[in-house]
Amino acid sequence: MRFDDSSLTLPVRPNDLDTLGHVNNATALEYLEAGRWAWMERNALRRGGSAIALTIRIEVDYRKEISPEDVVVWTHLEAPSPEELQDADAEHYRARFHQKILVDSGRQVAVEAHVQAAFVRKADRSLCSLQEFVEGAHTPSP
């Protein structure tokens, strides 16, 4: 199993701004979520599989205000590592993503986040592994 990083460019919409004229901090969390969906698409993982990824923890550092301009949301699977994913006997019940929201044409980090996810089966909401989630969500190549 190997996963690629993804980048998603999003326009800042007028309703994303707060009274100070920059992106609201809660809206930045929505951008990060959109980035994780783009990561799934980039890695041929579809919505609606037999298991669901749940966000269980988010650590966010707001480093620079986001003005009305396009932003780039970069997403990387930090854990389990590629080496850990190669171990056929290991089961992983959490994943950790490292994400950044970049501004100024991708030159500056405005937001940096570490997001943990866990996985549950759709049918009964019982805990399942990352491997089971991937098996149920993988879209075969044409």
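Visitor: Is E41 buried or exposed?
Guide: E41 is exposed, with a relative accessible area of 68%. Exposed means over 50%, buried means under 20%, and partly exposed is in between (1.4 Å probe, protein chains only).

Visitor: Which helix is E41 found in?
Guide: Helix α1. Helices (H or I, at least four residues) and strands (E, at least two) are DSSP runs, numbered from the N terminus.

Visitor: How far apart are E41 and S6?
Guide: They are 35 residues apart in sequence. In space they are 9.0 Å apart, C-alpha to C-alpha.

Visitor: Where do these numbers come from?
Guide: This is a predicted model, where local features need pLDDT of at least 70 and side-chain atom pairs count only at pLDDT 80 or more, while totals for chains, interfaces and linings use all residues. Residues are numbered from 1 along each chain as its sequence is written, and side-chain values use heavy atoms, with hydrogens and water left out.

Visitor: New topic. How many residues has the largest nonpolar core?
Guide: 31 residues. A nonpolar core is a set of buried Ala, Val, Leu, Ile, Met, Phe, Trp, Tyr and Cys residues joined through side-chain atoms within 4.5 Å. Those with the most contacts inside this core are Y31, L45, I66, V71, I101 and F133.

Visitor: Which elements supply at least two residues each?
Guide: α1 (25–42), β3 (71–79), β4 (94–103), β5 (108–121) and α3 (130–137). The largest share, six residues, comes from β5.

Visitor: Why would such residues sit together?
Guide: In soluble globular proteins, nonpolar side chains tend to be buried together.

Visitor: What does Y31 touch?
Guide: Leaving out residues up to four places away in sequence, its contacts include V71, V73 and I101. Contact means heavy atoms within 4.5 Å.

Visitor: And β4, how many of its residues are buried?
Guide: Seven of its 10 residues, so β4 is mostly covered.

Visitor: Which way do β4 and β5 run?
Guide: Antiparallel, joined by 10 bridges. Two strands pair if DSSP finds at least two bridges between them. I101 has V111 in β5 as its bridge partner.

Visitor: What about the turn of that hairpin?
Guide: Four residues lie between β4 and β5. D104 in the turn has a positive phi of about 55°.

Visitor: How many bridges join β3 to β4?
Guide: Seven, and these strands run antiparallel. T75 stands opposite Q99 in β4.

Visitor: Last one. Where is Y62, and is Y62 exposed or partly exposed?
Guide: Y62 lies in strand β2 (residues 51–62). Y62 is partly exposed, with a relative accessible area of 43%.
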